[in-house]
Every structure is written in C-alpha cells, then in structure tokens.
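The sequence and the structure are displayed first.

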Amino acid sequence: MSDKEIVESIRFANYQPPRYTKTETGQLVTPEFLTFVQQALTGKLNDEQAAELDPQVRSLAEELSVIHLPEWHDEVGRKRAEPTVTSIKQATRVAEYLAKRGVRVHRELEEIRWAPTPGGQPGAFDIGIHITKDENGQWPTPDVEEFYDFEQIEVRHQDDGTWTATHPRGLAFEAATRTEAYAGIVEALLARIDEVRRREERHQHDD
C-alpha cells in the first residue's frame with residue numbers, strides 16, 4: 001500500500017459493533033460468548049436467564065446447551081462412535097423457536113438418562129454414563145465404581161521412553177515403567193472413589 005492510497009470505511013445503516021469484555025487472561029470476548037462458555041461447562045442457564053424464561057422453554061434450553069450422546073451402534077451392534085459431548089451455542093434462542101413449533105420435554109417418555117461423573121470434570125468435558133430404568137420403573141443411582149472402572153485404563157509408551165496411564169474420567173499418571181504407571185492410576189482411581197463415597201456419607205448424614 002502506498003502512502004497516498006486512501007482506504008475508505010463503509011458502515012451499513014443497521015450495523016452495531018460488538019461489545020467486548022476482557023477476561024482474566026486478557027482476551028477480548030463478547031458477553032454472549034462468555035454466556036455460551038458458562039452454559040457449555042455447566043449444562044445450565046444462569047439464574048438471570050432462567051428467571052426470564054417460560055419453564056418449558058428453560059427445560060428445553062438446558063437440554064440443548066450441553067448434549068451428552070451415548071455410544072452409537074449400528075443395526076448389528078458394531079460401535080460407530082464413542083460417547084460424545086456437543087452443544088448448541090444459541091440454545092435459548094433455539095429452544096424458544098422449537099417451543100413455538102410445539103416441541104416439549106416430556107420426562108414421562110424418557111427411556112434413557114445421563115448421569116454426571118461424581119467428582120468428575122465440568123459438564124462439557126464429562127462423558128458421564130447413561131442409565132435406564134430398573135425393573136420397578138425407577139431411575140437407579142449408579143455406584144461410583146461404574147464410573148471409575150479399572151477396565152477403562154489405557155497405558156501408552158511415550159516417545160521420551162516414559163509410560164502414561166490414563167482413564168477417560170480425566171485422570172492420568174506418568175511413570176518410568178508400565179507397571180508403575182498402571183499402579184499409579186489405580187491408586188488415583190481408588191482415592192477418587194474413596195473421596196466420592198466419603199462425600200456421599202457426609203451428605204446422607206446432613207440430611
């Protein structure tokens with residue numbers, strides 16, 4: 001570009017520049033984006049949003065803000081996809097539209113329900129588990145060991161010669177040998193299970 005070249009700025013009549021908020025790390029983001037992140041992490045609307053919405057719309061919006069999909073299998077039982085977490089950025093807007101189209105959340109028709117990992121990661125990163133009703137038609141409370149199943153441990157040899165054991169519930173342990181890595185992740189899992197059970201006992205005692 002030469003020094004004499006003039007660049008003209010054109011603004012459309014209905015254009016409104018976006019408002020930005022600075023985060024703790026110095027990033028400039030829109031308030032709408034911060035709201036989306038909050039919804040994605042928790043799977044819930046904030047209190048101010050929830051108070052403004054019709055209960056049917058709020059219920060639908062919370063279902064859409066973070067969607068936990070179970071394993072996907074084809075007709076012959078072959079696994080086509082691992083558990084997946086997805087979200088809709090404009091969940092509230094979509095929910096309001098779908099409600100006007102007649103879409104509702106009918107809890108009495110539920111055949112499957114997602115349960116968060118006790119002591120696990122925030123909603124957007126938590127694969128949780130999906131449960132079905134028991135023989136009495138009730139939703140069971142999964143035992144903590146169903147979430148922290150030792151059979152889900154994976155141990156991999158790294159390029160630097162170390163071994164890393166990981167568990168899909170967000171736990172990892174690195175060691176010099178495969179055995180040490182496996183033993184370390186088992187100890188971490190046992191500690192998490194014990195922590196959750198002690199928390200449940202305190203909660204029952206408080207009730």
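## Basis of the model

The model is predicted; local features require pLDDT of at least 70, side-chain atom pairs count only at pLDDT 80 or more, and totals for chains, interfaces and linings use all residues. Residues are numbered from 1 along each chain as its sequence is written, and side-chain values use heavy atoms, with hydrogens and water left out.

## Overall make-up

The chain contains 6 helices and 11 strands. Helices (H or I, at least four residues) and strands (E, at least two) are DSSP runs numbered from the N terminus. Of its 207 residues, 26% count as buried; buried denotes under 20% relative accessible area, exposed over 50%, and partly exposed the range in between (1.4 Å probe, protein chains only).

The accessible surface of the chain amounts to about 15500 Å², and carbon and sulfur atoms account for 50% of that area. Accessible areas come from the Shrake-Rupley method with a 1.4 Å probe, and for residues only the protein chains shown count as cover. Among contacts between residues at least 6 apart in sequence, 40% join residues at least 24 apart, a contact being heavy atoms within 4.5 Å.

S9 and S10 run antiparallel and are joined by 4 bridges; strands are taken to pair if DSSP finds at least two bridges between them. Within this pairing, valine 155 has alanine 165 of S10 as its bridge partner. The two strands form a hairpin with 5 residues between them, and glycine 161 in the turn has a positive phi of about 95°.

Tryptophan 163 has alanine 175 in S11 as its bridge partner. This hairpin has 3 residues between the strands, and glycine 170 takes a positive phi near 95°.

## Nonpolar cores

A nonpolar core is a set of buried Ala, Val, Leu, Ile, Met, Phe, Trp, Tyr and Cys residues joined through side-chain atoms within 4.5 Å. The largest such core has 18 residues, of which Tyr148, Ile153, Val155, Ala165, Ala181 and Ile185 touch the most other members. Strand S8 (129-131), helix H5 (144-147), S10, S11 and H6 each give two or more residues to this core. H6 provides the largest share, 6 residues.

Leaving aside residues up to four places away in sequence, tyrosine 148 touches Thr117, Pro118, Gly119, Gly120, His167, Arg169, Leu171, Leu189, Arg192 and Ile193. A second, separate core of 8 residues includes Leu53, Leu60, Leu64 and Ala91.

## Salt bridges

The structure holds 11 salt bridges, each defined as a side-chain nitrogen of Lys or Arg within 4 Å of a carboxyl oxygen of Asp or Glu. Arginine 197 takes part in a salt bridge with aspartate 143 (3.2 Å, N to O). Because arginine 197 lies in helix H6 and aspartate 143 in the loop between S8 and H5, this pair ties together parts that are 54 residues apart in sequence. Arginine 197 is partly exposed at 31% relative accessibility, and aspartate 143 is partly exposed at 36%.

Arginine 197 also meets the side chain of glutamate 145 in a salt bridge (3.2 Å, N to O). Here the link runs from helix H6 to glutamate 145 in helix H5, 52 residues apart. Glutamate 145 has a relative accessible area of 44% and is partly exposed. Elsewhere, salt bridges with shared partners join Glu63, Arg107, Glu110 and Arg113 into one network.

Glutamate 82 and lysine 79 form a further salt bridge through their side chains (3.1 Å, N to O). Glutamate 82 is partly exposed at 46%, and lysine 79 is partly exposed at 43%.

## Surface residues

Phe150, Tyr182 and Leu190 make a nonpolar surface patch of about 270 Å². Patches consist of residues with over 30% relative accessible area and no salt bridge, with like charges joined within 9 Å and nonpolar side chains (Val, Leu, Ile, Met, Phe, Trp, Tyr) within 5 Å. Tyrosine 182 belongs to helix H6 (residues 178-206) and is partly exposed at 39% relative accessibility.

Glutamate 151 lies in the loop between H5 and strand S9 (154-157) and counts as exposed at 73% relative accessibility. Its C-alpha atom is separated by 9.2 Å from that of histidine 167, 16 residues apart along the chain.
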